[in-house]
Amino acid sequence: MTHRKNTRAVFVNDIQIGGNNQVIIQSMTTTKTHDVAATLTQINQLHKEGCAIVRVAVLGINDANALSEIVAQSPVPIVADIHFNYKFALIAADAGCAKIRINPGNIGIEENTIAVVEKCKEKQIPIRIGINSGSLPKKLVAKYGWTAECMVEALREHIEILEKYDFYDIIYSLKSTDPLMAIEAYTLASKNWDYPAHLGITEAGSLLNGAIKSSFGIGHLLYQGIGSTIRISLSEDPVMEIKVAKRLLNAMGLYENLVEVIACPTCGRLEFGLAKVVQEIEEFVEDLHFPLKIAILGCVVNGPGEAAQADIGIAGGKDGGIIFKKGNCLKLQNKQS
């Protein structure tokens, strides 16, 4: 029984988050949002790679005023990322943004919160509450320390504000740079609320470190049935976030539209240039979006058995090779033939 299926269903335009076992891939642009052309270029790149929802930063009035044009031309729903200034949330909602990321406890007087809630109700826009371990309220840190419990209590404060005004189209995130802390926080929250969770490990780092930390933290939670949408946070071109996210979900049986290339780790039995072959095949299938598993094995000892688990595969040595399809040999090639 997965928690994902038991969460509240929240819609970002026509994309359902929660209430099923689907996991939606998100990312965020790195462009200045008021640079509409550059922002749309990056959004289209992310969409082409397989990103379903894109978030943009709204830091000033020029960013807010650019949202209507971006929304009109974007192939995916746009999320407005807003801190402190509630007026930008109102502009974003009127511009057609599909979700607002704002913490209701950080936007000043109660009237500001009421204005945002009423606008989001009118436009049928969900709100994501984003808790970050690096910016926890000092009063809560003094009481709970820098802990997962502190993160959950910070989330509780924001959720209670929205629920006070009968607003329930909520998605939450509890991002930490420490995967263990994030795992504990999300696990605690999933026991308290049925709102869908947006998973992420914040400030995860470069491609190698970020992919490892994110895959561990997010993967653990997804395996437990927690999390309905994810963002892999990397200090890279955001397109790389989508590549990592797809491969993580594919490894967990949660994403199918991917051609997967598996290859042996190589050893002293290797007798041909496997690394070059793998690179060529990966480049060839990069833009293919359908489920297929290709195996490239470097010897005839384990190769045939391992390739049998793939849709198609090759195993070979210096004197020849074998092509398999669903475990059956299609062709045997050697130097003498």
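Modeller: E49 counts as buried because its relative accessibility is 8%; buried means under 20% relative accessible area, exposed over 50%, partly exposed in between (1.4 Å probe, protein chains only). This is a predicted model, where local features need pLDDT of at least 70, side-chain atom pairs count only at pLDDT 80 or more, and totals for chains, interfaces and linings use all residues. Residues are numbered from 1 along each chain as its sequence is written, and side-chain values use heavy atoms, with hydrogens and water left out.

Colleague: Which helix holds E49, and what is E49 in contact with?

Modeller: Helices are DSSP runs of H or I, at least four residues, and strands are runs of E, at least two, numbered from the N terminus. E49 sits in α2 (residues 36-49). Contact means heavy atoms within 4.5 Å; beyond neighbours within four places in sequence, E49 touches V239, I242, K243, K246, E286 and H289.

Colleague: What volume does the second largest pocket have, and which residues line it?

Modeller: On a 1 Å grid over the protein atoms alone, a pocket is an open set of points where a 1.4 Å probe fits, with protein on both sides within 12 Å along at least five of seven lines; lining residues have an atom within 4 Å of a point. Here the volume, meaning the space filled by probe spheres set on the points, is about 220 Å³. The lining includes E49, K246 and E286, and α10 gives the largest share, four residues.

Colleague: And the largest pocket?

Modeller: That one holds about 670 Å³. Among its 33 lining residues, R55, D81, H83, R101 and N132 are closest to the centre.
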